[in-house]
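Here is a briefing on a predicted model. It covers strand pairing, a helix packed on a sheet, the chain contact and the confidence values.

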Amino acid sequence: MPGDIIFQAITKRFPGVLANDSISLTIRAKTVHAIVGENGAGKSTLMNILCGLLRPDSGEILIDHQYKSFNSPRDAVKAGIGMVHQEFMLARDLTVLDNLILGYEPGSYGLIKREEARKKLQKLSTAYGLSVPLDCKIGEIPVSFQQQVEILKVLYRGAEIIIFDEPTAVLTPQETRGLFTAIRELIEQNKTVIFISHKLKEVIAIADRISILRNGRVSGELPVEEATEQKLAELMVGRKNFLQAVPPVIKEERAPLLEIVNLRVTDQAKIVRINDLSFSIQAGEILGVAGVAGNGQSELVAAIIGWGVIDSGRILLNRIDITTSSVRQRRLKGMRYIPQDRSMIGSCLSAAVWENLIMGYEFKAPLARRGLLNFTEINNFSKKLIGRFKIKVASQDMPVQNLSGGNLQKTVIARELAENSTVLLAEDPTRGVDIAAAEFIHSQILQEAGKGSAVLLISQDLDELLSLSNRIIVLYDGRIIGESIAGEMTKEAIGLLMGGRCNGKDGVDK
Amino acid sequence: MIIVKKVVKNQLLLEFIKYFIALFLGIIIGAILIILKGENPLVAYYMLFKGALGSRAALAQTLRWTTPAILTGLATAIGFRIGVFNLGVEGQLYIGALIAAIVGYAVPFANRVHAIVALLLGSLAGGLYALLPAILWMRYRINEIVNTLMLNYVAYLLTEYITRHFLMENSVSAVPKQIVSPEIANSAKLPLLMPPYQANIGFIVAIILALVLSYLFFRTSTGYTLNIIGQNPSFASYGGVNVRRLGTVAFIVSGMIGGLTGALEILGVHHQFAANFSVNLGFDGVLIALLAKTNPLGIIVVGFFWGILKNGALAMERMTSANKIVIQVVQALFVLFLTVDTGVVKQLLAKRVAWTKGVHKDGDAI
């Protein structure tokens, strides 16, 4: 068919990794073709080759039966390829209009004809049923609208083939439905969509055909009619058994280990981030926190671990007031934290594995005596953790920046769970890690709760929250907008709450 | 350099080759400058090494210059290691020198305790002078590069002012070289290593300090923490380290070593405070710390090399018509060529960015 994209034996090698191993793939024009695979399966590499960011070591790309060779992203744009990136490539302080035309400004002699662009953009957005406020600043509009801006941007640049890279990672279920409507509209208008994801439900909901990548190779391809989640998952990880995580059952009332009482936090711009928040977690309980990012989660975490400045309220750890305690004092009382940003906060990338593992234990026995490091003990300590948490490392002296996402996260978790914890804060503990590692991490969190720790699980992944938590609270605008015990709340209900209950009324005029 | 990287697999050898190439290029360009002056570069370089190592006197003088090179290198390295840029070692050195001189002549002591008290007070004064930029940076986020550099001028001029108006015996001369304090008492003078030459016990102090810091950096919990802060302060803070307090302490210790350097210069060599006596000793420390990649043992080696070049350059200038500035060019080029490839500067700048992003984003106090 005209407009088909054909990958012919694409191979791309990075130092030590064969990212794409002779991938051959045909994407039919005017369809939604999903590419699924675990992290590190080679999806991003393949797409980066298609949009001109990387050059393949060997292999060819044909579009419309013509060989294409892209030396830069601009070449790819010229060939009608546009990508909606996972991390939006937008300037927050510029208006939507300026973001849309950036790099492709109409006009001459250095002058920009904004009105011309505005007309063209208005025509485009009506044609595709998108609605973006052209004169708002990007920083002022919600994430789902920013994504629409990204879509409009690639359309404005004349894209015929549109790549969506994990587009639903930042969206609520309602917003996801909106995105799918937009994607179907694109197909109606004869565009071709490539949909990258590892969320199997969504892939089945939107795709016409699905290709599965594993370890840089195509491990399967099937039309959506034949696809089931189980089948796709098998093709992705290459084995059949999955442990279904089950939250621990709590029979009797136990002592609360973490109590938050009337917490209030305002940020530097005097905006209230946490508003009169109270909850408690008892021993052995996992409390899930749902909510769209930016509704007070990071401020809550900062307050609990002792990083942020709070206005008022109290935090109690095992009935002891720790509101004014330092991070170290809290850690000594058994508080542990798996941060969202595992590479910048949770680890020191340029430091060795052992250096990452001993942080927080480096000043006390057995690792140190009278301020002096005991390298024999340190060696044993890190060896034990590497074994217990099945971290794949060549040597404990290698810097952790060479570890894969899953192994890096295991290093973080190994350190945090090296000793029994009283309270464990876990923030998106499995984001971006492969299924096998995610499974392992989930089992570790459940085990920690089983040992009597109080776990606060903050996650953007509703499936994760639903399968691990005893209780779920939904944060909206710094308050608890909904609360429910395990099994009593559906994903849809949580999604509605995450959007502030009233769907559609999110503060932006349509 | 990339070709070298592909051929040579051994890390240590690779490092050695990098240093060699950088130095070699510096020497070649130095040679061209010497030829332009109409001299034979081989003769000039021979004179340099002979003048630095060729006799007991030459060696003593080389050790005399090695001492401040090691010390200012250490002072700067402490800051660099943790990601704090103390470019004010020169100023801290002046303050320490002035205080040591005052204690040296004005406070009556009969024995060696005099020298020790003067050294300690000089060192303390340097530390206090570093406390100011430390607080400005850690607490009020006022860029430490700018404020340490500016405070250097304050130190030059303040010490000159104090000397001229309060210390000078006959306040008539306006020539800076002659703005001097009275000479210190004999009890405050440091014992010489190889009398009658200027090398003194300060050299031993520098070596011991380097060994102590090396032990601290590589063997203790604090050293581990400093090292991690230098790479990622956010991570250290997450692990419970009070990053700003350690940053402040490191800044002060850096200033104390700066002050100690000044005090040793006065008590060991000059025996009186003179306005503008230090010819960029503090800034040499920056280059030395960079060359040694903040490793204290490396600083001993680089400091000795610095001493050879500094002392040898003077000999070369005496014996040939080549100017000693040529050697300063060679030194600077050495650092430049080395940093082109190893990314030392890039790493250091990354450390600063990490401070600005990580340490200063939240509100926790020192």
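In this predicted model, Leu475(A) sits opposite Ile480(A) of strand S22 in chain A. That pair belongs to an antiparallel pairing of S21(A) with S22(A), residues 479-485, built on six bridges. S21(A) spans residues 471-476, and five of its six residues are buried.

**Around S21(A)**
- S21(A) and S22(A) make a hairpin, with two residues between the strands.
- Asp477(A) lies in the turn and has a positive phi of about 55°.
- S21(A) also pairs with strand S13 of chain A, residues 286-290. This pairing is parallel and has four bridges.
- Gly288(A) has Ile472(A) in S21(A) as its bridge partner.
- Strands of a sheet pair through backbone hydrogen bonds, in a parallel or an antiparallel sense.

**The four-stranded sheet of chain A**
- An open sheet of four strands runs in the order S12-S11-S14-S15 in chain A, with antiparallel pairing.
- Its edges are S12(A), residues 272-282, and S15(A), residues 320-321; each of these pairs on one side only.
- S14(A), residues 312-317, is joined to S15(A) by two bridges, and the two strands run antiparallel.
- Leu317(A) has Ile320(A) in S15(A) as its bridge partner.
- Helix H9 of chain A, residues 297-305, lies across S11(A), S12(A) and S14(A). H9(A) runs at about 60° to S12(A).

**Contact between the chains**
- On the chain A side, 23 residues are in contact with 19 residues of chain B.
- Helix H10 (327-332) and strand S18 (372-373) of chain A each supply at least two residues of the chain A side.
- H10(A) gives the largest share of that side, three residues.
- By class, the chain A side has 13 nonpolar, six polar and four charged residues.

**Confidence**
- The predictor gives the complex an ipTM of 0.82 and a pTM of 0.75.
- Chain B has a mean pLDDT of 87, and 90% of its residues reach 70 or more.
- Where in chain B is confidence lowest, and where is it highest? It is lowest in helix H1 of chain B, residues 2-7, at a mean of 51. It is highest in helix H8 of chain B, residues 202-219, at 96.
- Residues 362-366 of chain B stay under 50 in pLDDT. For this stretch the model has nine contacts beyond four places in sequence.
- Where pLDDT is low, the predicted coordinates should not be read in detail.

Definitions and conventions:
Residues numbered from 1 in each chain as written. Chains lettered and ligands numbered in written order. Predicted model: local features only at pLDDT ≥ 70, side-chain atom pairs only at ≥ 80, totals over all residues. Contact = placed C-beta atoms within 7 Å. Nonpolar A, V, L, I, M, F, W, Y, C, P; charged D, E, K, R; others polar. pLDDT = per-residue confidence, 0-100. Pairing = 2+ DSSP bridges. Axes fitted to C-alpha atoms, helices over the stretch in contact; angles between N-to-C directions. Buried ≥ 20, exposed ≤ 12 C-beta atoms within 10 Å, placed from the backbone.
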